[in-house]
Amino acid sequence: MAINELASTKVNGLNVKLFEYDIEDEQSFSELKEYLVSKIRKSKVHDIENFDLNYYGSKNLNPEFIQKFNEQVAKINIPQKSKIPQFDVRRERVTEWMAQLLLEKEYNCKFYEEADKRMNIEPVEIDKHTPGIDVPGIRIVNNQIKFVICEVKASEEKKIPCSSVPSLQEDIQKSIDNKEKRVTREILQYMYGIRNIKIKDEELQRIVDFLTKLITGNKTELAESIMFFPVLIRNNINIVQNRDSRDYKNFVVKGIDNKNIENIIFAFGRSINDFSDDIYTEAMGNE
């Protein structure tokens, strides 16, 4: 997939990288859409097989009835579209998966679907925003494990910095401080998610041992063992043309070594709202 690094600089002592998704590359853009559509369709709440009537011992059911049941399940489990784009769960899930893809491709991060909260939504949660940290994961570089905390904001504003920056900074700072056990609870849920994951036993055990030590360690040890990725997904042509990183000019966090955080601007030359809606429509059909 065509993710291009356009610039790398420092702002307020923090590393800032600017990436662009090449939407003019038709094959790559098609691959992006297929990736996102697949994520939606594989989500537990959208996978019709998860609601198979045979599970309940139902026998000799009329095939037409089963078809009608499955059609109704699909309709029930389509999230409502919000009139306010920032409140739309479709937009939230699509942009978070986009950020996750970037980190997979450019930073060697791993995101297991078993631990992906968006992949494991329950029907009663379909219209609720995913609680906690947006994109938690694992990164192994030079044989060193880090827990990944990625917070994501998407904006189509023309002004730079955009108005989403303060809330992004606040989310990252809360995670650095482990405010209200924000991170340790996330790690605990992540451990629960990967317990049956199909990877080599040695690698899984190493990851679990690492996460266990994070939960039992102190605040400083916790912050040092995390790689923080604030991500702004931006539809603003000026950012690309001017290699502009000023979205982070007022971004300041405390209590962490600068090497453990990398700020990212992910330029995307399409309406983020329309794109997210189109992805869901392709994945689920019209309501």
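Predicted model: local features only at pLDDT ≥ 70, side-chain atom pairs only at ≥ 80, totals over all residues.

Reply: Pro161 sits in the loop between β5 and α4 (165–176). A cis peptide bond joins Ile160 to Pro161, with omega about 0°.

Residues are numbered from 1 along each chain as its sequence is written, and side-chain values use heavy atoms, with hydrogens and water left out.

Strand β5 covers residues 144–155 and holds Glu151. Glu151 counts as buried because its relative accessibility is 0%. The cut-offs are these: buried is under 20% relative accessible area, exposed is over 50%, and partly exposed is in between (1.4 Å probe, protein chains only). From Glu151 to Leu204 is 53 residues in sequence and 25 Å in space, C-alpha to C-alpha.

Asn142 lies between β4 (135–141) and β5. Its phi is near 50°, a positive value in a residue other than glycine. Asn142 has a relative accessible area of 76%, so it is exposed.

Asn108 also has a positive phi without being glycine, near 60°. Asn108 belongs to the loop between α3 and β3. At a relative accessible area of 43%, Asn108 is partly exposed.

One more loop residue is worth a stop. Asn242 falls between α8 (237–241) and β7 (262–268). Asn242 is exposed, at 51% relative accessible area. Asn242 and Glu49 are 193 residues apart in sequence, and their C-alpha atoms are 48 Å apart.

Now helix α5. Its 12 residues (182–193) should span 16 Å at 1.5 Å a residue; the end C-alpha atoms are 17 Å apart, which agrees. The expected span is 1.5 Å times one less than the number of residues. Buried positions in α5 are Arg182, Val183, Thr184, Glu186, Ile187, Tyr190, Met191 and Gly193. An α-helix has 3.6 residues a turn, so residues three or four places apart point the same way.

Next, charge pairs. The structure holds 19 salt bridges. A pair counts when a side-chain nitrogen of Lys or Arg is within 4 Å of a carboxyl oxygen of Asp or Glu.

Take Asp277 and Arg90. Their closest N and O atoms are 3.2 Å apart, in a salt bridge. Asp277 is in helix α9 and Arg90 in helix α3 (residues 89–107), so this bridge ties together parts 187 residues apart in sequence. Asp277 and Arg90 are both buried.

Then Glu5 and Lys17. Their side chains meet in a salt bridge of 3.8 Å, N to O. Glu5 is in strand β1 (residues 3–11) and Lys17 in strand β2 (residues 14–21), so the pair links parts 12 residues apart in sequence. Glu5 is partly exposed at 40% relative accessibility. Lys17 is partly exposed too, at 21%.

Glu203 and Lys110 make another bridge, with closest N and O atoms 2.8 Å apart. Glu203 lies in helix α6 (residues 201–216) and Lys110 in strand β3 (residues 109–110), so parts 93 residues apart in sequence are tied together. Glu203 is partly exposed at 24%. Lys110 is partly exposed at 31%. Elsewhere, salt bridges with shared partners join Glu5, Lys17 and Glu262 into one network.

Last, the surface. Glu34, Asp274, Asp278 and Glu282 form a patch of negative charge. Patch residues have over 30% relative accessible area and no salt bridge; like charges are joined within 9 Å, nonpolar side chains (Val, Leu, Ile, Met, Phe, Trp, Tyr) within 5 Å. Asp and Glu count as negative, Lys and Arg as positive; His and the chain ends are not counted. Each charge is placed at NZ of Lys, CZ of Arg, CG of Asp or CD of Glu. Accessible areas come from the Shrake-Rupley method with a 1.4 Å probe, and for residues only the protein chains shown count as cover.

Helix α9 (residues 272–284) gives the most to this patch, with three residues. Asp274 lies in α9. Asp274 counts as partly exposed, at 49% relative accessibility.

Conventions:
Helix = DSSP H or I, 4+ residues; strand = E, 2+ residues; numbered from the N terminus.
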